[in-house]
Structures are given as structure tokens and as C-alpha cells.
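Good morning, everyone. Please look at the screen, and I'll take you through one model.

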Amino acid sequence: MPPADILRTLLSIEIPIIQAPMILQAPLVPLAAAVSNAGGMGSLGCAEMPVEELQQRISELRSATPKPFNLNFFLHQEPRYDPDLDLEIRNLIQPFYNKNGLDAPRDASSTDLETFNDDKLAILVEERPSMVSFHFGCPRRPVLDALHAVGIVTAATATTVREAIALQEAGVMIVVAQGWEAGGHRGSFASNFEDTGIGTLALVPQIVDAVDVPVIAAGGIGDGRAIAASRALGASGVWMGTAFLSCLEAPITALHRKALSSAGDEDTHLSRAFSGRPCRARQTPYSQHMARTRPRLQDFPLMYNYSGPLKSFGIDTDNLDFQFLLYGQAAALNREMTAAQLIEKLTSETATVIAQMGAWDRAV
Ligand SMILES: Cc1cc2nc3c(=O)[nH]c(=O)nc-3n(C[C@H](O)[C@H](O)[C@H](O)COP(=O)(O)O)c2cc1C
């Protein structure tokens, strides 16, 4: 069976395009529902939701679509707060606060962002979404067993072949191969993630060769040309984040939309400065300063405590230089339209490219 058909059957979807889970200012329910209703698969980034909210969002999504959807969680380690580092980081970032008349960041030793836990697992087992995906780690066997026992398909992100093999050995059903181009946080967990930046074109075929489970390509996929290329590399489907950010249903800020509408290939870089984990976002004076000085940082997600007030200041003053705007290297390909229109456009572009390539082959 062609790889795309394997994924279609496994997920009960018509079009093997998955809208990547993304944590934004507001929940992604309308966008995810629109993608699922259009025949692809919508996703909700649930990592920051307390259990009560998780249950509420699932029921909102169920009311908005009868189709399959994906719920996504982080598997990061509990952070270890280092009081010595606190002073170092405060000294380093104080100029940004002084210059803008902002109060110093609040106590940075704690976080509300819990890693995946048994309470969330219990809700998933009860609610039975079609798919559950994980970022930043390899789910434990009992978690996978519990999800699989009620018919939930599992997926997780790999950024190297080594991580993909670890996910398959753990029992994960689908590997999301996330290339260096991808917007948002790198899902790395077994590799030195700042030194192993493997691009989507190199990563996908190597993971396809290394594992037997379906592989979904992610990172820098912005139009039908890249979808056709992913198919050629052996991917069963595509996992697109940045491209869906410009959809009319995406709950992004006016500033984020403005940045995307004039985005270029050199806008972003990978920085740990905002959250403590490598994340592809638009470059800012703060992230460039941190990249130059390469300080030691607190664990994810404690760094949000230091960068948070700057971000709020950026929102209040409509200033792009203080935003934490996540998007990938292919953002310049984005188009503003509804999610259904985008899915239709991507599908027809892919078919055109594949047909054109067939014609070129015959000409050779
Ligand atoms: C704004 C934004 C937020 C993201 N949040 C998450 C998330 O919560 N969970 C996750 O697994 N991936 C997240 N990602 C990464 C995506 O899953 C995916 O790997 C990435 O968007 C693919 O690259 P692309 O943006 O070039 O399409 C996020 C990406 C973006 C752009």
C-alpha cells in the first residue's frame, strides 16, 4: 500500500495533511476543527492546559467536528532550578528591563507548566481522541499501552534517526520527523539538540529507512511542492505548523500576522533564550543578545519567567522587537485564507507537481 494510504487508513482521514499542534495566545479549537472538517487532521497543543481545561477543549472540539483530531503533550523533565544561575541571568537581562522601564522578572523558581501526567492520561483514556502525540520525549510503555488499549493512535517527534528508533522501540505508532527548518520548539530528547540540526530533506529518508512505522514529515513544508517532495522521500504525510498560522481561523495576534505577512527566509533563528529549550522564532534584540553571549540558562520552562515581562511589554506596546513569535523558515510561502481553502490548495498543488514531474520523466 502507498505510504499515504497507510496513514489515511490508520487515522481515518481523507487527506494526509496534519495541522501541527501549536500553543498560541488562544486555543486552536476553530482552526483544528476546520482542518479536520476539510479532510485533514487538526491538532490541539494541550501541554499548557490544566486538566479541567483539557476536558473543556475536547468537548468544544467534539462539538465543532465529528472528524478525527490529535491532542498533543510535552514530555519534558521536571525543571531543576539553579539559584546561582538566577543571578547570572538577571544581570544579563537587566539592561533590557532598565531600558524599557520594566520591573525585574518575578521569582523564577517555579512553573505552572506541568509535564504529562497520570491525570491527563486518565482523561485521554476516557475521552478517546483519535490520536495523541508527544513532543520532547519518548512516552513510557505503560502510557502507550493505556492509550493503545482504547484504540488511540500514538505519535511522537524525532529530530534524529536515533530518536526515531527509540520511539519505535518504545511502541510509538507514528514518527513525526521534525527537520531543522521547523517553527517552534525542537522536539529533541536523545541528542545534543543544538548541534544536531538535521534538515527535513536529509532527515526524512533516513528515518523512513530506519523504522517500519509510518513517518510524517515536518519542518519547512509550505506548499504543494514540499508535500510532493515529502512523498518522494517516503513520508506517509505532512505535519505543517507555520503554513496554518496564516489561516483566518488561527488565533494569532495582529503583530504575529503582520510579521508573517512580510516574513523572509532569514527572519528566524533557534534560541533557548525565551523558554530554556531550543525554539525557532523570529529574531529579536533579546534573543540575538543571548545568542551572542551564550549564557548558561535555567531548564525549560523556567526561562519563561525571565522573558515573560518583555513579551507582555511587546504586546502592550505593539512592538515586534519584544515578541516571542514562533514560525519556521518557510513562512514567506504562507497564504492568508481559510483552512479549508488552504487544504484544497495544497492538495491541488501537490497533484499538479506530481503530474508535472511524471511528464518531465517521460520527456527524459
Ligand atoms: C507557533 C508554533 C507553536 C508550536 N507548538 C508546538 C506544540 O505545542 N507541540 C508540538 O509538538 N509542536 C509544536 N510546534 C512545532 C510543530 O509541531 C511542527 O514541528 C512545526 O510547526 C513544523 O514546521 P513548520 O512550522 O515549518 O511547518 C509549534 C510550532 C509553531 C510554529
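Start with a definition: a residue is buried under 20% relative accessible area, exposed over 50%, and partly exposed in between, with a 1.4 Å probe and protein chains only. D318 is exposed, because its relative accessible area is 53%.

Two notes on sources. This is a predicted model, so local features need pLDDT of at least 70 and side-chain atom pairs count only at pLDDT 80 or more, while totals for chains, interfaces and linings use all residues. Residues are numbered from 1 along each chain as its sequence is written, and side-chain values use heavy atoms, with hydrogens and water left out.

Back to D318. Its phi is near 60 degrees, a positive value in a residue other than glycine. Most residues other than glycine have a negative phi. D318 lies in the loop between α13 (304-316) and α14 (339-363). Helices here are DSSP runs of H or I with at least four residues, strands are runs of E with at least two, and both are numbered from the N terminus.

Now F136. Its phi is also positive, at about 75 degrees, and F136 is not a glycine. Is F136 buried or exposed? F136 counts as buried, because its relative accessibility is 3%. Find F136 in the loop between β4 (131-135) and α6 (141-149). R277 lies over its ring face, 3.9 Å from the ring centre. That term needs NZ of Lys or CZ of Arg within 6 Å of the ring centre and within 35 degrees of the ring normal. R280 does likewise over the face of W180, at 5.8 Å from the ring centre.

On to the rings. Rings of Phe, Tyr and Trp (its six-membered ring) pair if their centres lie within 6.5 Å; planes under 30 degrees apart are stacked, over 60 edge-to-face, and the rest tilted. How many aromatic pairs does this rule give? It gives eleven. Take F313 and F322: the ring centres are 5.2 Å apart and the planes stand at 80 degrees, so this pair is edge-to-face. F313 is buried at 18% relative accessible area, and F322 is buried at 12%. Ring pairs also link a cluster: F74, F96, F136, F274, Y286, F300, Y304 and F324.

One cluster member, F300, has a cis peptide bond to P301, with omega about 0 degrees. Most peptide bonds are trans. P301 sits in the loop between α12 (285-293) and α13.

Last, the ligand. Near means that one heavy atom of a residue lies within 4 Å. There are 19 residues around the ligand, and P21, N72, G220, G241 and T242 come nearest. β3 (69-74) and β9 (237-240) each supply at least two residues of this shell. By class, the shell has ten nonpolar, nine polar and no charged residues. Ala, Val, Leu, Ile, Met, Phe, Trp, Tyr, Cys and Pro count as nonpolar, Asp, Glu, Lys and Arg as charged, and the others, Gly among them, as polar.

Which atoms meet? An N or O atom in the W239 side chain is 3.0 Å from a ligand oxygen. A backbone N or O atom of P21 lies 3.4 Å from a ligand nitrogen. For G219, a backbone N or O atom is 3.5 Å from a ligand oxygen. How much of the ligand does the protein bury? Alone, the ligand exposes 600 Å², and the protein buries 97% of that. Those areas come from the Shrake-Rupley method with a 1.4 Å probe.

How values were computed: Polar contact = N/O pair within 3.5 Å; in protein donor to acceptor, adjacent residues only side chain to side chain.
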